[in-house]
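Dear colleague,

Please find below the structure that I am handing over to you, followed by an account of what was found in it. I would be grateful if you read the account alongside the coordinates.

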Amino acid sequence: MFTGKIKSAAMPEETTYEIRVQDILDEKWSTYFLPFTLTAGDDETLLTGMPHDQAELFGVLLKIRDQGLRLVSVNPLPRD
Amino acid sequence: MTTLLPTKFYPPPIPAGFVARPQLLEELDKALSHRLTLVSAPAGAGKTTLVSTWVQSARKKGVSFGWLSLDEADNDPGRFLEYLVACLEEGGMLIDTTEIPPGLGDQAQVEHVLVDFIRGLMPLKREIMLILDDYHLIQNKEIHTALEYLIEHVPPRLHLVILTRSDPPLELARMRVSGHLAELRMENLRFSTQEAGAFLKKFAEVQLTEGDVASLNERTEGWIAGLQMAAISIRGREDAAAFVAAFTGSHRFVFDYLLEQVLNRQATEVREFLLKTSVLERLSAPLCDAVFETGGTARGMLDTLERDNLFLVPLDEERGWYRYHHLFSDLLKLMLEQTHPGLAAELHRRACRWYEAQGMLPEALHHGLAAGDMELVTNIVSENVLALVEHAEIAPTLAQIDAIPDEQRSSLPWLEVAYAWGLAYTGQNQKAGPILSLAEQHMEGLSDDKREKALGHIAAVRAYLTWTNGDQSEEAVAFAEKAAGLLPAEEIAVRALNLTTLGNALIQNADDPRAADVLEQALLLAQQAGQSHVVMQAASGLAYVYILLGKSHQAQIVCAEAIEIVELYQRRNARPLTTAASVYALLSRVWLEAGEFEKALQIARKGMALSEVWGQVDTIMMCSQYLAYALAFTNQAEEARKIIQDSRKIAQKGPPWHLRTLDYVELQIYLDSDPQNAVEIQREVARKQETVFKSSPLLTARVLIKQSQSIEALVLLEREQANASKYGHYRNTWLLILKALAYFQQKDHSTALSSLKQALELAESENEVTAFVREGAAMEKLLRLAQARSIAPAFVQRLLSAFESRRKHKPEPALVTEALIEPLSERELEVLQNLNSYLSTPEIADLLVVSANTVRTHIKNIYGKLGVHGRSGAVRRARELGLLA
């Protein structure tokens with residue numbers, strides 16, 4: 001899955017990412033994915049956060065893998 | 001060679017009542033016809049259990065296997081390769097490979113090791129499976145590349161199996177196309193409805209409807225861990241159907257939901273136990289009792305939990321240690337925080353104190369840091385600074401301290417002091433200096449007496465660093481004296497170490513007699529301190545200065561007494577005392593000077609092996625020197641050169657003194673071979689650093705004489721004569737020998753003989769044979785002259801005989817038939833016989849009716865006594881010694 005090259009350069013400008021997983025997580029998970037915060041939906045959980053760099057982003061993705069959560073999407077939010 | 005953890009080679013046991021899935025086992029049989037089999041599926045899918053089961057059945061069919069459970073620390077290529085080789089050896093294979101040099105760095109080196117490794121595997125007569133569990137923890141690119149190289153060039157009988165949570169970044173597509181890859185993925189591991197039904201019937205102990213089975217299987221998507229948790233949750237329920245309905249109706253994260261269910265089904269005590277012990281990386285009954293704080297119930301809990309086969313993985317056959325299945329540890333910790341907010345810190349603190357009481361300091365440090373209790377951490381560190389760098393290996397402790405964020409570390413000068421000691425011991429002098437300055441700046445927070453103590457430590461580390469820098473002996477002496485003034489009386493260990501540094505610096509300053517006094521004090525103090533490496537350092541320092549003072553007899557006694565301590569320790573702790581390396585090195589030198597080259601070689605090998613495990617750089621350097629000399633004197637000059645080459649790689653990372661010493665040793669060894677070709681000699685000399693000659697006028701004179709420049713040599717020697725009053729016995733003897741040779745070259749026989757006579761007088765009482773024998777043909781001629789003039793007849797005769805026997809010695813390699821200094825015990829011999837079979841360690845254990853750990857201990861001792869690093873080395877050496885046919 002994540003066989004891409006990870007560049008640990010800091011993001012050019014701070015980017016906010018939205019990660020969606022197809023499982024519903026409750027409050028006890030709230031600090032587990034920092035710097036991402038959780039918003040539970042009906043059948044999805046939304047993780048929102050501004051990782052310091054790619055390495056931190058991938059660290060969170062690996063946690064998602066390790067807990068067996070199902071990844072739906074990873075998207076940067078448009079800056080406004 | 002690092003100390004290898006046996007738990008990593010131990011495939012987790014198969015749970016009782018396990019549901020075999022024959023079609024999957026058949027799939028795995030395909031592994032024997034593929035280079036790589038990939039088992040890639042999320043946590044809890046049953047990968048490890050499946051492969052572990054398959055391995056048992058394959059073993060019966062005569063397949064050998066090596067199992068390696070990987071962890072994050074294996075991301076270092078050198079360590080990874082070491083473990084790779086070791087796990088195959090553990091599985092019964094002999095791998096004829098060179099030793100992996102410490103600090104394996106670049107790609108070229110890694111490939112070199114692999115080429116060797118592959119070649120060593122070539123003559124395989126059995127199919128071998130190499131199984132790597134938890135490969136997703138490996139993120140180091142060099143290791144991935146190395147593995148690809150291995151797969152590319154793998155000998156036909158070796159097969160790899162990789163278990164992972166996500167596909168590794170290897171060229172999988174290419175392997176698929178070439179038919180080299182077999183795979184098992186989630187779609188294969190997923191339970192079918194039928195399989196789920198069979199499983200649930202057995203484990204839920206309740207008859208479920210087909211519909212309910214289907215629903216459960218669908219909701220968990222055939223995930224075995226989920227099915228297992230569901231089964232446990234259903235057990236003993238009256239209304240299983242209601243559970244299924246609620247479960248399938250919920251949208252919550254399946255894992256979360258089920259774990260909660262499982263916990264709710266446990267007795268309160270068990271639930272609390274699970275939550276509270278989740279902070280531990282590894283669990284044992286006594287540790288859990290300490291953390292859980294209800295005396296004595298932990299053993300029962302662990303047994304119960306193991307029976308359920310869900311949470312705990314045993315780490316050894318004795319059921320002494322466990323860990324939580326990786327799947328659960330994180331979530332349990334989150335649940336702990338939810339049910340007992342803030343308790344985790346206190347639990348870590350309890351674990352920290354337990355580990356400290358056991359003297360397991362790196363683990364204590366880990367938990368103290370996890371507790372965020374910097375005061376506790378500081379106390380542990382300040383009370384145990386030297387112990388932290390003594391235990392087993394320095395590197396892990398250093399890594400831990402390195403991992404503490406700078407701001408935190410700098411608010412605790414004691415951490416910086418400990419860090420500096422660790423850096424100094426591993427030869428990282430450049431880094432250590434600034435850390436010490438930082439530590440000095442951060443002294444404000446400390447109370448007066450703590451500050452003095454810290455400043456004393458800082459001065460002691462500075463003294464040590466300056467000494468190992470090699471050409472600042474006066475500064476080193478100054479620092480050591482300053483430290484002595486600051487260190488409070490109760491800091492016995494550091495004071496002893498500091499005195500040792502002072503003694504060593506004085507030797508460097510050519511003040512041997514005062515050094516001897518200081519080192520005698522150091523040893524007495526060290527013996528009070530009870531810290532082994534301090535005793536060993538003091539003993540070896542003292543032995544060294546005794547040799548320089550011409551008291552080899554006393555040197556031998558000091559070493560012998562130290563070795564008694566070593567043997568006591570080893571008997572009590574069933575593992576080698578790595579810090580004793582320097583004592584073995586010095587003992588080897590004693591034998592060298594006396595002309596007992598074979599003995600010297602054996603002891604030197606032993607010292608070398610130990611020093612590499614401990615990892616203190618100046619000890620490694622000392623051991624490699626004496627090993628090189630011993631090899632050279634037993635006609636193994638090529639080997640000697642190789643040792644020096646390997647040591648240069650380590651020396652390059654440390655202070656310049658080490659490189660200079662290696663140059664010195666290499667040149668001495670070269671001159672000992674009695675070269676005659678002037679051009680060759682010049683070439684050898686030109687390759688050495690300037691500083692080698694500047695710092696050793698006697699070596700310079702020796703070179704000049706070999707180059708037939710006796711006039712220049714004499715000028716140098718006369719100048720040194722003026723310093724002779726500072727010189728101890730050893731250097732004086734050498735000075736006189738060189739003078740004798742120089743005058744002999746000038747054809748001034750009477751002056752030559754006069755010098756020689758003085759040298760003989762000095763050397764005779766301690767039987768210092770080597771100093772003469774090493775000077776080759778010229779010395780032999782001169783000695784015959786002396787014999788004709790009846791000068792020191794008995795000693796001269798002995799020397800001439802030594803020349804004779806050196807000539808008779810076979811060129812290379814010497815067939816060694818001496819007895820071992822430390823013979824193998826009967827048990828060890830038994831184990832040794834079995835190393836030359838394809839028996840794995842557990843199989844040998846079965847054969848001898850002992851535990852696998854006992855066998856591992858025997859094996860470690862065998863390696864130590866034979867001075868080797870692996871099975872094939874042991875077999876080879878044993879054959880040389882006539883212990884094996």
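**Contact between the chains**

The contact is made by 17 residues of chain B and 16 residues of chain A, where two residues are in contact if their C-beta atoms, placed from the backbone, lie within 7 Å. This is a predicted model, in which local features need pLDDT of at least 70 and side-chain atom pairs count only at pLDDT 80 or more, while totals for chains, interfaces and linings use all residues. Residues are numbered from 1 along each chain as its sequence is written, and chains are lettered from A and ligands numbered from 1 in the order in which they are written.

On the side of chain B that touches chain A, the elements giving two or more residues are helix H12 (254-265) and helix H16 (326-339) of chain B. Helices (H or I, at least four residues) and strands (E, at least two) are DSSP runs, numbered from the N terminus. H16(B) supplies the largest share of that side, five residues. By class, the side of chain B that touches chain A has seven nonpolar, four polar and six charged residues; Ala, Val, Leu, Ile, Met, Phe, Trp, Tyr, Cys and Pro count as nonpolar, Asp, Glu, Lys and Arg as charged, and the others, Gly among them, as polar.

**Chain A**

Chain A has an open sheet of four strands in the order S2-S3-S1-S4, with antiparallel pairing; two strands pair if DSSP finds at least two bridges between them. Strand S2 (37-40) and strand S4 (71-76) of chain A are the edge strands, each pairing on one side only. On average, neighbouring strands of this sheet are turned by 20° against each other, direction ignored. Axes are lines fitted to C-alpha atoms, for helices over the stretch in contact, and angles run from 0 to 180 degrees between N-to-C directions.

Within this sheet, strand S1 (residues 17-21) and strand S3 (residues 45-49) of chain A run antiparallel and are joined by five bridges. Glu18(A) stands opposite Thr48(A) in S3(A). The loop between S1 and S2 of chain A holds Pro35(A), and the peptide bond from Leu34(A) to Pro35(A) is cis, with omega near 10°.

**Chain B: domains and sheet**

The domain assignment of chain B, which is automatic or from a database, gives domain 1 (6-189), domain 2 (193-349), domain 3 (531-695), domain 4 (699-808) and domain 5 (826-880). The C-alpha centres of domain 1 and domain 3 of chain B lie 38 Å apart.

Chain B has an open sheet of five strands, ordered S2-S3-S4-S1-S5, with parallel pairing. Strand S2 (64-69) and strand S5 (181-185) of chain B stand at the edges with a single partner strand each, so one side of each is left without a neighbour in the sheet. Neighbouring strands of this sheet are turned by 15° against each other on average, direction ignored.

Strand S1 (residues 36-40) and strand S4 (residues 158-164) of chain B pair in the parallel sense over five bridges, and Leu38(B) stands opposite Ile162(B) in S4(B). Helix H2 (residues 47-60) of chain B lies across S1, S2, strand S3 (128-133) and S4 of chain B, and runs at about 155° to S4(B). Helix H3 (residues 77-90) of chain B also packs on the sheet, where it touches S2 and S3 of chain B; the direction of H3(B) makes about 135° with that of S2(B).

**Chain B: helix pairs and one backbone angle**

Helix H33 (residues 617-633) and helix H34 (residues 637-651) of chain B pack at an angle of about 165°, with their axes 8 Å apart. H33(B) and H34(B) are therefore roughly antiparallel to each other; angles under 35 degrees count as roughly parallel, over 145 as roughly antiparallel, 65 to 115 as roughly perpendicular and the rest as oblique. The residues of the contact of H33(B) with H34(B) divide into 13 nonpolar, two polar and one charged.

The axes of helix H29 (residues 532-548) and helix H31 (residues 581-593) of chain B come within 8 Å and cross at roughly 20°. H29(B) and H31(B) are therefore roughly parallel to each other. Their contact has nine nonpolar, three polar and two charged residues.

Finally, Glu205(B), in the loop between helix H8 (193-204) and helix H9 (210-220) of chain B, has a positive phi, near 55°.

With kind regards
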